[in-house]
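Please look over the sequence and the structure shown below.

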Amino acid sequence: MDDFERAILLVYESAGGGAGGADQALLSQAIEFCDRLKAGPPSALIRLCLDRLHCSPLVPVQFWCIQSIHDIIRLRYSSLSQANDLPLLRSSLLSLFSDRPLPASSPPFLKNKLAQALAALIRLEYPSSWDAPFIHFVSLLPAAGAAVIDMFSRLLTALDDDLISQDYHLSPEDVAAATCVKDAMRLQCVPQIVRVWFEIVSLYRSSDPVLAAATLDTMRRYICWIDIGLVANDAFLPLLFDLMIASATPEPLRAASAGCVLAVVSKRMDPHSKISLLRSLGLGGVFADVEMVPKLSDLVIGYASEALECYKRLGSELKEASSSAMVLLEEALPSVFYVVQNCEELDSGNVVQFLSDYISTLNMPSQKQTVYIGQILEVIRGQISYDPTYRNNLDIPDNVGKEQEDQMAENRKDLLVLFRSVCRVAPDVTQLFIRNLITGALSSSEVNVEEVEAALTLFYRFGETVSEEGMKTGSGLLREMVPLLLSAKFSCHSHRLVALVYLETITRYMKFVQENGHYIPNLLAAFLDERGIHHPNLNVSRRASYLFMRAVKLLKAKLVPFIDTILQSLLDVLNQYATFYWTSKDLKYSGFEDGSHAFEAIGLLIGVEDVVLEKQSEYLAALLKPLCQQVEKILGEVKVQGLEESSPKVMSLQQIIVALNALSKPKDMVDFLLLINQVICKFGTSVERIMEEIFPKVASRLTVILSSNPFSSGLGSNTEELRELQELQRVSYAFIHVMVTHDISSVFIAPNNMGYLDSIMQLLLLTSCSHKDVLICVQIFVKLTKDWCSKYNGEDKVPGFRRFIIEKFATYCCLYSVLDKSFDFRDANTLVLFGEIVLAQKVMHEKLGDDFIVYFVLKGLPTTHCPQDLAEQYYQRLRKSVYYARHRVPASKSLARALALACQLAHCAKCACVLRSCASAPAHNTSARPCVCALRMCSCNRATTPLAASRTLVSAPHSPRDWACLSYPARLGLLIIPHALAPARHAAPRTSTLTHTAPRATAFACHTPALVCHAPAPRPRAALCLRPAHSLLMCRAPEFHMIAHDPDASLNFSKNSGLLIL
C-alpha cells in the first residue's frame, strides 16, 4: 500500500467515523493531498485513476477514482483534450463495462457509480462526438455474459435517472439533452436494444431470474418513449404473459414482467388506439384467476384506471367507443375490489384516486353501477377499520394506541372524501348500507369493536352531506336510523372508541330531535346513562359532559320538563366532581374537557325563563352547597398545612372554581370574581398557575356577557338586568386590576389565554374612553405598559402590544377622550383621572421612548388641529418630567407644569366643541377629533346640530399673542368663548355690526349686548354672505362673546347653511 492509497483510506475512515484515534496532523495532510490531486491537471488525474482502478483491490480507492472521473466529466469537461484525453476516457470506460470489467464481487454502489460516469459522458458526447457506445454493447450482448449484461442494465438505468426520466424537475438544458439522446437512440439502436432484452430474458429466466428481472425493470423505464410495437407484439407479449402467469416464476421476475405490461397499458396515445390496445392484450382472462390477481395488484388498478380515462376522454358524444371503454372497465372492476380487500401491500392512494374518478363519472347510476357503489362502500368500511391487534391499546390509549389513532386519522382523510362523493351520487344506497351495518351490529353479540366504530363513523360522516332541512325532517332512511341509534346499546359499547363516536354521532343529528321532540327522552338517556356521562371511561364521561352541554344549548326550552330528571341523574356525578382530589396528571390529560361542562349545562337549564325563581333558587342551592362546602374544607386545610402549587388540594380548588364559573349567571359571576380577587390578594403569585388554567373559561364568559355596552342610556336602561351587567363589568375590571397589581399579568399571555387578550384589551380601551368608572382601566394599562413594554427599542414581550398602546390607548384615551364634552374639570374624579392620564403619558414616554412621543406629537395632536408651538411645549415639559424622574429629582413641579399645559390643550380644543361637523367626525366618537378653536359648518351643506358648550375651563389666554394662538380660518366658522374668560384689556364696544357684501343679501345690524368683538391682530376682511330666507340667530345669554379678527369683519358661509350660536 503506497501513500496514495493510505491517504484515501485515512480520508474515508475519518468520514465514516472510523479514524477517531488517527493523528489529526496526518489526517489533515491526507485531505490536503487528495484535494491537491483533484485540483491538478485533469489529464494526469484521469490517467492516475484509470491505472489504479485496474491495479488496486481496495474498494475505497476504486470509488475515489471513479468519483474523480465522474467529477471531471461533469465539471471540467471543457478542459479535456479532444485528441488525447477524451478518446482515452471513452475506450477505458467501455473497457470497464466489457472486456476488463470490475470484479463480480464489487459492491453495487461501485458499479452504479461507474454507470453514472459513463452516462454523464454519453449525455455530453452522444451522438455528435461519439456515436458508438450503444452499438458497442449491442454487438456484444447477450453472448458477453452476465457481468456485461448487468453493467449494461445499470448504464441504461443511470441514463434514465440522470437524464431521460420526466419524474424529476428538469431544466430546459436537460430537456434538450434528453430529447437529443432519445431521438438518436430511436434512429440508431432502439430496435436492437429491444431484441437484446428479449434474448436476455428468454435466456436467463430460469438460470438467473434476478438478472432477467433487472433487465425487464430497465426495459419498463424505456417503454414509455419507444415505439410500442417493439414490445406489444406477438413475440414479446406472450413471453411477458407467460412469466406473469406461470406458477413457477419467482416473484421478483413476475413483478418485473407485470411492470412491463403495465408500462404498455399506460403508454400515452389517443383513446381509440388505447381501447384497441387494451382489447388486444386480453387481460380479462388473467384477471379471472382469483389466485393470480392479488399478485398483479398494480396491473389491475393501472388497467382499470386507463380504461376509465378512455371513457372520460371519449365522453358521451362517441357512444360506441365510450361503451367499449366502459365494458373494459367493468370487466376489471371486480378484480379491483378483490385486490383492495385482499392485498395488504397495495398503494391505497392509487386505489382511492381511481375510485374517486369512477364515482365522478356517475350521474344516474344504473342497477349494475349501484352494485359497484355498494362494493366501494364496503372497500371504504374495510379501509377505515382499525387493526384488532391494537384494540386494548386504543381503549385506554397508551403511546402505541395514540400513534395508531393518529395514523388512522391521516389514512382516513382521502377515504372520507371518497365517501362524501358516494353520498352525493347515491344517498339512498349509502343510507341502506349504513342501516344494514348498524342493525347487523345490534343483532349480533359477536360483532367486534372495529366494525361498530367504522359503521358509526360512516353514519357520522354521512351527516356532513345532509341538508339542514333533510336533517330536521329525517329525509330518506334517517327517520328510521336516528331513533334506532338513540336507543342502540352495542355489546362493545364499553370500549372508548365506540362510545366516543356514538356520542359524536347522536350530537350531529340533534336537529332531528329538535324537530321531533318525542325523541328527547331517548337523547337524554343516551347522554346520561352508561353510554355517556356515566360511562366507566373518564375520557368518555368528560366528552359526554361537553356534548350534553351543546345539546342543552340547542334544545334548552324543550328540556324544562325534564330538569328534575336531569338533575337527579347528574347529582352523583356533580358531587363526585366536587369531592374529587385532582392531581396534575388528571389535569394534564383532561385538557379542555374536564367535566365542568355538566355544571354549565345545568346553569343554562336553570336560567331558562320558563323556570320559576323559586325553582331556580332550589336547584342552585342543591348544586352550590357541596361545592361551597368543599371550598371551605380545602381553604381550612390550606391555612393549617400551607399552600403548595402542585398539591391535589390546589388542583381541586382550581377545578371547583371552574365549576362555579360554568354554573354562574351575571349576578353569580360577581360573587365568583370577588372570591377570586380575595384568593389572589391572599396568595399572590403562588396562584399564578391556577389562574392560567381557569382564566380561559372566565374570559370566555365575560366576553360573551359583556359583548354589548352595559352603560347604555335611554328608556328602559335602568333595569335590574342592566344594573347586574354594570356591576359585573366593574367587578371584572377590578378582577383584572387585582391580577396586574399582584404581578400575575403573565396569565394573560399564557399560550392557552392569548386568544382572549385582544377582546379584553378592546373592552378596556372602550371603557377607558367613556368616562364611566374608567380610572381603574387607565391604571391597568399603565401597569401593563410597565410589565410588557421593553424600554425604548427593545423587543416586545407581547407582539403588537407596543403598537396598540401607542396608536390606540395613547391617542383615544389620553387625547381624544379628554376633548370629549363629558370631560368635566369641575368634577374631582375627573381631575384625578386627568392626573392618571398624564402619569400614563409619562410612563409611555419612559417605556416606549421616541416611538410614543413622535406618534403622539406628530400624528395625534395634529388631528385635533393643535397649534405647533403648544405641541412643542408639551413635548419639552414631558421630557423634563421624565428627566427628573430618572435622576431622582422631585418631579412634582415638572408634572404640574405638564398637567397645566395639558389642561391648556384641553381648553384650547374644548372651545371648539360647541358645534361639530356631522360629516368629518369619526363614526365611533363624534367628538373625538374637533377642530381646535373653530366651529365647522356641515360640509354636506346641512345644518349642524348644536351641542351644549362646557361652562368650566381650566385656563385662558391672557395676552394678544395667546389670543393669536386661538386664530382660525374664516371659512371654518365662528369661535365661541365664555364671557368670563375674555380678558378685560382687550374689551371692545358692547355693540357691533355685521355687514354684508353679497348682492341681494339682507343686512343684519346686531345691537345685542351679548356679542362683543375683540381684535387682537388685523386680519383680511371677510364677508358674511346670507341668502334670502336664511336667518342669523343670536344667543341672548350675556356670558358668551364673539371674537372676530377685525371690527368690520364678516364670515362666509356655505349655501343653504345657517348660523346658530348658543
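## The nonpolar cores

In the largest nonpolar core, which has 219 residues, Leu159, Met185 and Phe548 touch the most other members. Helix α17 (residues 319-342) gives the most to this core, contributing 11 residues; helices (H or I, at least four residues) are DSSP runs, numbered from the N terminus. Apart from this core lies another one of 76 residues, with Ile680, Leu765, Val798 and Leu833 among them. A nonpolar core here is a set of buried Ala, Val, Leu, Ile, Met, Phe, Trp, Tyr and Cys residues joined through side-chain atoms within 4.5 Å, and buried means under 20% relative accessible area, with a 1.4 Å probe and protein chains only, whereas exposed means over 50% and partly exposed lies in between.

This is a predicted model, in which local features need pLDDT of at least 70 and side-chain atom pairs count only at pLDDT 80 or more, while totals for chains, interfaces and linings use all residues. Residues are numbered from 1 along each chain as its sequence is written, and side-chain values use heavy atoms, with hydrogens and water left out.

## Phe548 and Ile533

Leaving out residues up to four places away in sequence, Phe548 touches Leu524, Phe527, Leu528, Ile533, Ile566, Leu570 and Ala601, where contact means heavy atoms within 4.5 Å. Ile533, one of these partners, lies in the loop between α28 (520-528) and α29 (538-555).

Ile533 counts as buried, at 2% relative accessibility. The C-alpha atoms of Ile533 and Ser569 are separated by 9.4 Å, with the two residues 36 residues apart along the chain.

## Arg496

Arg496 belongs to helix α26 (residues 496-508) and is buried, with a relative accessible area of 6%. A polar atom of the Arg496 side chain lies 2.9 Å from the backbone oxygen of Leu394.

Beyond its neighbours within four places in sequence, Arg496 is in contact with Leu394, Asp395, Pro397, Glu405, Asn537, Asn539 and Val540.

## Cysteines

How many disulfides does the count come to? The count comes to zero, a disulfide being a pair of cysteine sulfur atoms within 2.5 Å. Cys813 is in no disulfide, and the nearest cysteine sulfur, that of Cys814, is 4.6 Å away. Cys813 is buried, with a relative accessible area of 0%, and Cys189 likewise counts as buried, at 0% relative accessibility.

Methods:
Helix = DSSP H or I, 4+ residues; strand = E, 2+ residues; numbered from the N terminus. Polar contact = N/O pair within 3.5 Å; in protein donor to acceptor, adjacent residues only side chain to side chain.
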